[in-house]
Every structure is written in C-alpha cells, then in structure tokens.
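Please keep the view open while reading.

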Amino acid sequence: MRVDRLQAELPPPKKQDPNAAAALQELLGGKYGEMSTLGNYMFQSFNFRSKSKLRPFYDLVASITAEELGHVELVSTGVAMLNNGPDNPANEKGGADISKSPFEAMQDIRSAASFLSAGGGALPVNSNSMSWNVDMITTTGNVVFDLLHNFHLECGARLHKLRVYETLSDPTGREVCGYLLVRGSVHAHAYALALKQITGVELEKFLPTPNINLDKIPECQKYLQEGSHRRLYRWSPEDYASIAGIWGNGEQALPGDPPGPLEVVDGMPEGGKMQELTGMASAFSPEYAPEEMFEIASKLYQKSR
C-alpha cells in the first residue's frame with residue numbers, strides 16, 4: 001500500500017545545509033543504507049522457496065520489505081529538505097537572473113551531484129556520491145543464512161545511523177536518525193527471534209549492537225513512549241498475519257527499552273505529513289518559468305474534484 005504520508009513527522013530544517021544532507025546520504029545509499037536493506041529483503045521475498053510451508057518466515061521478510069520502502073522515502077525526503085533549507089515561496093517566481101552564478105557555493109559542497117544532477121534532491125548514492133549497486137544484495141535461498149545476513153545488516157545499519165547522528169546538529173537529520181534507530185532495532189530483534197525459532201540460538205542477546213541503548217538518544221524518546229519499539233506492522237489489510245508467530249508468543253521488548261509485550265499491528269503507522277519542497281525556478285525545478293505549469297495543474301486538480 002502507498003499513502004501520501006511519511007512514516008514519521010520531520011521538523012523543518014533550520015538552514016540550508018547540503019553537507020549535512022551528504023552525511024544523511026550514507027543512510028540511503030551506503031553499504032548498510034536503506035537501499036541495501038530494501039534490496040536485500042525485497043529480492044529475498046521474491047525468491048523465497050517453500051513459501052506456503054515456511055509462511056511465518058516469508059511473511060516476516062515480506063512485511064519488513066514494505067517498511068523499508070518507506071524508509072527510503074523518509075531518508076530521501078530528509079536529504080532533500082536539508083539540501084533546500086527552509087521553504088522560500090519567493091524561489092518559485094520565474095524569470096530569475098541566471099547570469100550571476102546564483103549557485104556558485106554549490107561547487108564546494110561535498111556531494112555536488114545532489115544539486116547538479118538532482119536539483120537539490122536525493123540520489124541512490126552514499127555520503128561521497130558513490131553509487132549504490134546490486135553487489136550489496138544477498139539472496140542465497142538458504143533461509144538461515146539470509147536471516148543471519150539480515151540480522152548483520154540491521155546491526156551494521158544501527159552503527160551507521162549512530163555515526164551519522166553524531167555528525168548532525170540540524171533537527172531534520174537527527175529526527176530521521178532517531179526514528180530509524182528505533183525501527184532498525186525492531187527489525188534486528190525480529191530477525192533474531194526468527195533465527196531463534198529455527199536454530200534455538202538466543203541471538204537477541206547480542207542486541208543492541210553497538211551497545212548503546214535508545215534511551216541515550218533524545219530523538220528516540222517519543223517513539224519509545226508510544227511503543228514503536230514493540231510493534232511490527234503488516235502493511236496490508238489481510239496478508240502477512242503469521243508474523244505473529246515470531247513477533248509475539250510472549251516475547252518482550254529488549255532490556256533497556258521500555259518494557260512490554262511485542263505486538264503485530266494491522267496496516268501501518270499513522271506517520272506524518274508529506275513534505276512540500278518549494279520550487280526553485282532558477283534551478284529549473286520544476287521549470288525556469290513555472291507559472292503556466294501551476295495554472296494547468298490547478299485546472300486539472302479542479303476537474304478531478
């Protein structure tokens with residue numbers, strides 16, 4: 001399901017900070033970024049053998065895949081918000097003077113491609129603009145190995161998020177990190193419990209890795225208080241219900257997090273509003289003179305009502 005909302009509410013940036021956006025790109029296109037978690041779980045779910053006989057494990061990978069797509073959207077939005085800074089409707093006025101190098105400062109930012117190629121948006125690259133690629137996907141068909149790989153991937157993602165968090169001060173980037181740290185802990189915990197069901201090994205005792213509890217991070221607190229660390233979402237009105245056999249059964253929240261039983265939630269989280277990125281006529285986004293486009297879009301919208 002796709003809805004026109006983000007998985008979390010993002011506060012507006014205090015200033016334009018493309019270098020902070022470049023750091024956040026690591027959580028999108030880095031080795032342990034959201035493109036990697038999405039790609040791994042998506043193709044593992046597509047290639048899953050004996051789905052009907054191993055339904056709880058298939059359902060787990062498939063439902064987390066849907067959440068990861070929303071994580072890609074969330075990080076991408078955070079990157080674009082930091083690249084663009086606070087909304088400035090004056091930027092949408094057409095006929096800007098492009099002869100005076102209005103974006104001269106952009107040549108010195110760490111990830112110039114964010115502006116030169118993406119107009120201030122996000123790209124599937126890491127913090128140094130190196131492209132994400134399919135070599136970062138593991139899908140072997142061996143259920144134990146793939147789940148173990150996923151557990152490793154989530155622990156690596158946690159390490160990356162903590163490091164990126166430590167480089168940021170803007171509330172937009174830190175909110176992205178705080179939300180993803182909570183949800184990443186859920187996914188690592190879920191894969192650990194799945195492996196425990198198959199092998200008997202209590203892999204959840206490795207968590208959290210790195211060994212920093214979420215109560216150390218202010219941006220995580222509201223998500224902990226609402227119980228997000230205990231919830232796994234189905235992202236579907238009818239399917240993937242058998243994840244309750246793994247994420248449930250009397251299992252409890254991880255030590256160090258607010259206590260309580262694990263629960264499966266139908267559908268998806270309430271989330272937050274989709275962000276509005278103000279147009280930038282001088283960068284031809286959406287165009288140099290966008291007034292006609294706005295007029296046409298307004299007429300089309302009225303006809304659809």
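Is S63 buried or exposed? S63 counts as buried, because its relative accessibility is 1% and the cut-off for buried is under 20%. The model is a predicted one. S63 sits in helix α4. Setting aside neighbours within four places in sequence, S63 is in contact with Y233, R234, W235, Y240 and I243.

W235 is not a glycine, yet its phi is positive, about 60°. W235 is found in the loop between β2 (231-233) and β3 (263-265). W235 is buried, with a relative accessible area of 10%.

F284 also calls for a look at its backbone. F284 has a positive phi of about 60° and is not a glycine. F284 belongs to the loop between β4 and α9. At 45% relative accessibility, F284 is partly exposed.

**Cis peptide bonds**

P210 lies in the loop between α7 and α8. The bond from S285 to P286 is cis as well, with omega near 5°. P286 is placed in the loop between β4 (272-273) and α9 (291-304).

**Helix pairs**

Two packed helices are described by the angle between their axes and the distance between the axes. Two pairs are set out below.

| Helix pair | Axes come within | Crossing angle |
|---|---|---|
| α6 and α7 | 9 Å | roughly 160° |
| α3 and α4 | 8 Å | roughly 150° |

Take α3 and α4. Their axes cross at roughly 150°. That makes α3 roughly antiparallel to α4, because angles over 145 degrees count as such. The crossing of α3 past α4 is left-handed. On the α3 side, the contact involves E34, M35, T37, L38, Y41, M42, Q44 and S45. On the α4 side, these meet Y58, V61, A62, I64, T65, E68, L69, H71, V72 and V75. By class, the contact of α3 with α4 has 11 nonpolar, 5 polar and 2 charged residues.

Now α6 and α7. Their axes come within 9 Å and cross at roughly 160°. α6 and α7 are therefore roughly antiparallel to each other. The crossing of α6 past α7 is left-handed. Residues of the contact of α6 with α7 divide into 17 nonpolar, 5 polar and 5 charged.

S169 lies in the loop between α6 and α7. S169 is exposed, at 68% relative accessible area. S169 and R231 are 62 residues apart along the chain, and their C-alpha atoms are separated by 28 Å.

G173 is in helix α7. G173 is buried, with a relative accessible area of 0%. What separates G173 and V79 in sequence and in space? They are 94 residues apart in sequence and 7.7 Å apart in space, C-alpha to C-alpha. Leaving aside neighbours within four places in sequence, G173 is in contact with L24, L82 and L168.

**The nonpolar cores**

In soluble globular proteins, nonpolar side chains tend to be buried together. Which members of the largest nonpolar core touch the most other members? They are L24, L74, V75, L168, C177 and C220, out of 34 residues. Elements giving two or more residues to this core are α1 (18-24), α2 (26-29), α3 (34-47), α4 (55-84), α6 (143-167), α7 (171-199) and α8 (221-225).

Not counting residues up to four places away in sequence, C177 touches L24, L27, K161, V164, Y165 and L168. Two of these partners, L24 and L168, are also named among the residues that touch the most other members of the largest core.

Methods:
Residues are numbered from 1 along each chain as its sequence is written. This is a predicted model: local features need pLDDT of at least 70, side-chain atom pairs count only at pLDDT 80 or more; totals for chains, interfaces and linings use all residues. Side-chain values use heavy atoms; hydrogens and water are left out. A nonpolar core is a set of buried Ala, Val, Leu, Ile, Met, Phe, Trp, Tyr and Cys residues joined through side-chain atoms within 4.5 Å. Buried means under 20% relative accessible area, exposed over 50%, partly exposed in between (1.4 Å probe, protein chains only). Helices (H or I, at least four residues) and strands (E, at least two) are DSSP runs, numbered from the N terminus. Contact means heavy atoms within 4.5 Å. Axes are lines fitted to C-alpha atoms, for helices over the stretch in contact, and angles run from 0 to 180 degrees between N-to-C directions. Angles under 35 degrees count as roughly parallel, over 145 as roughly antiparallel, 65 to 115 as roughly perpendicular and the rest as oblique. A crossing is left-handed if the near helix is turned anticlockwise from the far one by less than a right angle, and right-handed if clockwise. Ala, Val, Leu, Ile, Met, Phe, Trp, Tyr, Cys and Pro count as nonpolar, Asp, Glu, Lys and Arg as charged, and the others, Gly among them, as polar.
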